[in-house]
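Please read them with the coordinates open.

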Amino acid sequence: MDPGLRRDDGLMGDHDLIGRNRLKTAALNGGALAQWRKWAPLAVLLALCILISLFNGNFLTIGNFIRLLNSAAIPLVLCMGATFIILMGSIDLSVEGIVALTAVMVSLLVTNDISPYAIGLFAVPLAVIAGGVMGLLNGLLHVKLKTPSFMTTLGVGFAGVGIAMAVLGGDTVRISDQTFRFLSLGRPLGIPMAVWIAIASVAIAFIIQERTRLGRWLYAIGTDEMTARHAGIPIERTRILIFTVAGLFYGLGGVLSAAQFGQGHALISQGRLFTTITAVVVGGTALSGGVGSVLNSVIGVMIVVVLANGLVLMGVEPYVQQGVQGLLIIAAVALALDRSRLEVVK
Amino acid sequence: MTAGKPFSPAVKSSVNRRALLKGAAGAAAVAAVARSFPMPAIAQETTWTLANSMRSVANPYHATFAKGGEDFAKTVGAKFETLVTDGNSEKGISDIKALLQRTGGKLILNVDPNDSPDARVIVEEVKKAGGFVVTQWNKPDDLHPWDFDPNYVAHMSFDGVPTAEAIANALFAAFGGEGGIVALGGILSNVPAIERKLGLDNAIAKTNGKVKLLDFQPADWNEQKAFDITQAWITRFGDEVKGVFAANDGMGMGALEALRQNGLAGKVPVVGIDGIDAAVKAIEAGEFAGTVAWDPLWTGGMGLAIPYAHVTGKIDITKEPKEHREFYGTGIIVTKDTVADYKNNPPKTDFGDLWGKATGQIQYRS
């Protein structure tokens, strides 16, 4: 079968929630199953919410809902970047490095106890741009040196943490700029500022995905790079640009991390990479590229955050929690992934 | 050193040691004279190389540990080197082997092994070369200094049980001694995590039911995890939570920020362990009820001072009791009442007082 023929819908972009290849899937699996799979991540999320609220009524309170969103805010911003990369069929392991570097940078630029700079909120765009530069570096190394994104992003990530460590020498910067901390502690309309920023990030990512050529192209590349090349899509430029955009989102994530903890240090992003990739995949975006959406990742982040919150609310033994978490993640991915097109599972 | 050159570290070093012992008496006299002048104490040159080995200098604890070693080396005018493992046991061990080669075994090593099993390899290498070693924190339970006389001089650690118990009591006192608390633990399999949990349990048991542990969750020493878990606790227990116990300051800071997001910072006290700057500042701000400060300047210097006293003939380590060979140091409890004093008078180290801050022989609980 000619893959070009089979997957050419990547160029046309029928990719609402999951099934971008609905016709094909329907022919293979029957329409009902394909329809179900499209909504599987959302169903998993709802099932989780119902299950947890049966154990603990406090789960469904407004207070907890706001806390959940608050925990989800930074992963959401990071996932917006990571989703694009994964949709393109690449991987980005530099999340923690870029977040650490930008968090340290922004905390040194606002009023703090180590450096004399106090440029207030002007530090925010600078840090976001710094993230973008790191992302650009990812893209350039990956495309120009023709090295796998796995290795280049790993390297750039290490460099990011390394620079953050070298700058601070193991110290922690304490932020005393209350205007800056408003980015996390502020509560416009009763909802944390970080959540508003995350919502704005999702909106921007969704517009990039749906309304720009860049968004169309990254699906085409992720689905079948050869076909995309034949169709005249500027593969290299798109790849570099997408890595840069992802870097901008990580930079924003770094800013929010610093605002959340009121400090910056080289290990501030520890554990972020794993959560980010997990959330993207649990949401139903395929690691093989071409399938998924930033909206899937929103659901994915909520599944991961609700699960962590719920296991504590239900009083599950800490020893059992990690096992349960692992099993549920596998279950979510198994339900959500459309395997009908996969000839080989790697 | 070329590979073909015949070389016997054991013989060479024993000769050197004898010569050094003779020289030491004279040197001590010189040092005594030097001490009567108001000059920085750069005493006699020693032929021994002093070295501290640790994970990295990028964290405040190990950076201070290295400085302690350097401070001591200055007082005796010895060459000092810093070795870092970067969390890699192989690198740690091979760097030590290289330094033993280079110094012809005339090495006094103060090492915080990357992992417990490394300690055995390091001790064996040092003994073979005729150097002297003190280990910190990590070693297998069945590896004892007295089994490698005299080269394995001592092992130093801090006892997590009484320190955690003391800081837990400081937490209870901060909310009036009655009510529910939640606790964040470290990685479940880490010895300090186990000890600190045990200390907390002891403190709770001694309140006769007045303090109740509502929930215990391991946050793996991770600030972010601590933040998310504390948020969930606020939902689950609401104002039943009177205090938060964190097995280290990093997790305590995460919990504090979660409380702040919910308008509870300063209302629900938090305690941690390690004595990082942020925690000390949080104590001053009335948001932390306390922390335990280790004394890495002391461990960093004393791990060299004790073997140095042995090679210079001041003591004979093989004749010292076991509580001078495997011992705990003293953690400093910092609370609202003592924080000003702690900041104004940071712990001082007297390198002449070898076991002044030791608090008993190491216990094996498993």
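**Notes on the model**

1. Gly180(B) stands opposite Val241(B) in β8(B). That pair belongs to the pairing of β6(B) with β8(B), which run parallel and are joined by 5 bridges. Strands count as paired if DSSP finds at least two bridges between them. Helices (H or I, at least four residues) and strands (E, at least two) are DSSP runs, numbered from the N terminus.

2. On provenance: this is a predicted model, in which local features need pLDDT of at least 70 and side-chain atom pairs count only at pLDDT 80 or more, while totals for chains, interfaces and linings use all residues. Residues are numbered from 1 along each chain as its sequence is written, and chains are lettered from A and ligands numbered from 1 in the order in which they are written.

3. β6(B) also pairs with β7(B), in the parallel sense and over 7 bridges. In this pairing Leu184(B) stands opposite Gln217(B) of β7(B). Of the 7 residues of β6(B), 5 are buried, so this strand is largely enclosed by the rest of the structure. Buried means that 20 or more other C-beta atoms lie within 10 Å of the residue's own; exposed means 12 or fewer, partly exposed is in between, and the C-beta atoms are placed from the backbone.

4. β6(B), α6(B) and β7(B) form a β-α-β unit that is right-handed, a term used when, with the strands pointing away from the viewer, the path from the first strand over the helix to the second runs clockwise.

5. These strands lie in an open sheet of 6 strands in chain B, with the order β7-β6-β8-β9-β10-β12 and mixed pairing. At its edges stand β7 and β12 (332-335) of chain B, each with a single partner strand, so one side of each has no neighbour in the sheet. β8 (residues 241-246) and β9 (residues 270-271) of chain B are parallel, with 2 bridges; Phe245(B) is opposite Val271(B) in β9(B). Helix α6 (residues 191-205) of chain B packs on this sheet, where it touches β6 (179-185), β7 and β8 of chain B, and its direction makes about 170° with that of β6(B). Contact here means C-beta atoms, placed from the backbone, within 7 Å. Axes are lines fitted to C-alpha atoms, for helices over the stretch in contact, and angles run from 0 to 180 degrees between N-to-C directions.

6. Chain B has another open sheet of 6 strands, ordered β2-β1-β3-β4-β5-β11, with parallel pairing. Its edge strands are β2 (79-84) and β11 (326-328) of chain B, and each has a single partner strand, so one side of each is left without a neighbour in the sheet. Neighbouring strands of this sheet are turned by 15° against each other on average, direction ignored. Strands β1 (residues 49-54) and β3 (residues 107-111) of chain B run parallel and are joined by 5 bridges. Thr49(B) is opposite Leu107(B) in β3(B).

7. Two helices can be checked against that sheet. Helix α3 (residues 89-102) of chain B lies across β1, β2 and β3 of chain B and runs at about 155° to β2(B). In total, chain B has 11 helices and 12 strands, and 48% of its 366 residues are buried.

8. Which elements of chain B face chain A? 28 residues of chain B are in contact with 28 residues of chain A. Two or more residues on the chain B side come from each of α2 (60-76), β7 (211-218), α7 (223-237), α8 (249-261) and α9 (277-284) of chain B. α7(B) gives the largest share, 11 residues.

9. Chain A has 15 helices and 2 strands, with 55% of its 346 residues buried. Among its contacts between residues at least 6 apart in sequence, 79% join residues at least 24 apart.

10. Ser107(A) is in helix α5 (residues 95-109) of chain A. It counts as buried because it has 33 C-beta neighbours inside 10 Å. Beyond its neighbours within four places in sequence, the contacts of Ser107(A) are Asn112(A), Val173(A), Ile175(A), Ala258(A), Gln263(A) and Gly264(A).
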